[in-house]
Amino acid sequence: MLAQLINELTPKQVTLVAVSKTKPVEKIMALYEQGQRVFGENRAQEMQQKYEQMPKDIEWHMIGHMQTNKVKYIAPFVQMIHSVDSLNLLEEINKRAAQHDRCIKYLLQFHIATEQSKTGFSLAQAEEMLQTETFKQLSHTKPCGVMGMATFTDDKIQVRAEFQKLKKIYDHIKTNYFAEDADFREISMGMSGDYALAVEEGSTMVRIGSLLFGARV
Ligand SMILES: *Cc1c(COP(=O)(O)O)cnc(C)c1O
């Protein structure tokens, strides 16, 4: 499955984040040995434990909602945080990154689904943050794009519309705030069930777990 996905995504320059949450190190190592280097986790302490046990050329991506008091566990090594949904969280990431003399890449998470359980900014909330002095002063974090999760439904029309919404949000923010910033270029959308649709709608990073590792129990 990994080879098939890579063949599909590479020509389109889409990055595969292999979502290894809940999976043991041995299973993750099997994909590592096939060449996969980018892995996604949704819990800070689980990511930290795996980081300590695994090869150091792995890029760890945090994809789950974060509490500020957990940032310290991953700040020394995390490559990218996809789930920034408040200025408060971003300030904590910036502070911890500074302590380790690092610059941590991140994505702004947007709420595009109908479920209230999913987190993320509205466009208005994100723009409000982008215009604050506090935001402009952050020097140990690097905004690299946007992330969103579609509604969990079989309705492909709805899912496609949600991905289109995220693409429009990305275009608006890119044009108005980061037009000159080559690093602001990622749209993280698409999971095992909907990644093909997401790629059609402009995804640059897909986060795929169960297709690669089997269902989580
Ligand atoms: C678990 C998870 C994924 C992967 O889901 P699959 O359906 O197993 O591919 C992607 N993104 C986020 C934010 C997740 O929490």
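## Lining of the largest pocket

In this predicted model, where local features need pLDDT of at least 70, side-chain atom pairs count only at pLDDT 80 or more, and totals for chains, interfaces and linings use all residues, the largest pocket takes at least two lining residues from each of α8 (156-177), α9 (195-200) and β8 (205-208). Helices (H or I, at least four residues) and strands (E, at least two) are DSSP runs numbered from the N terminus, and α9 gives the most to this lining, with three residues.

A pocket is an open set of points on a 1 Å grid over the protein atoms alone, where a 1.4 Å probe fits, with protein on both sides within 12 Å along at least five of seven lines, and its lining residues have an atom within 4 Å of a point. The largest pocket is lined by 31 residues, of which Lys 118, Met 149, Phe 152, Met 191 and Asp 194 lie nearest its centre.

## The ligand in the pocket

The ligand sits in the largest pocket, meaning that more than half of its atoms lie within 2 Å of the pocket's grid points. Residues are numbered from 1 along each chain as its sequence is written, and side-chain values use heavy atoms, with hydrogens and water left out.
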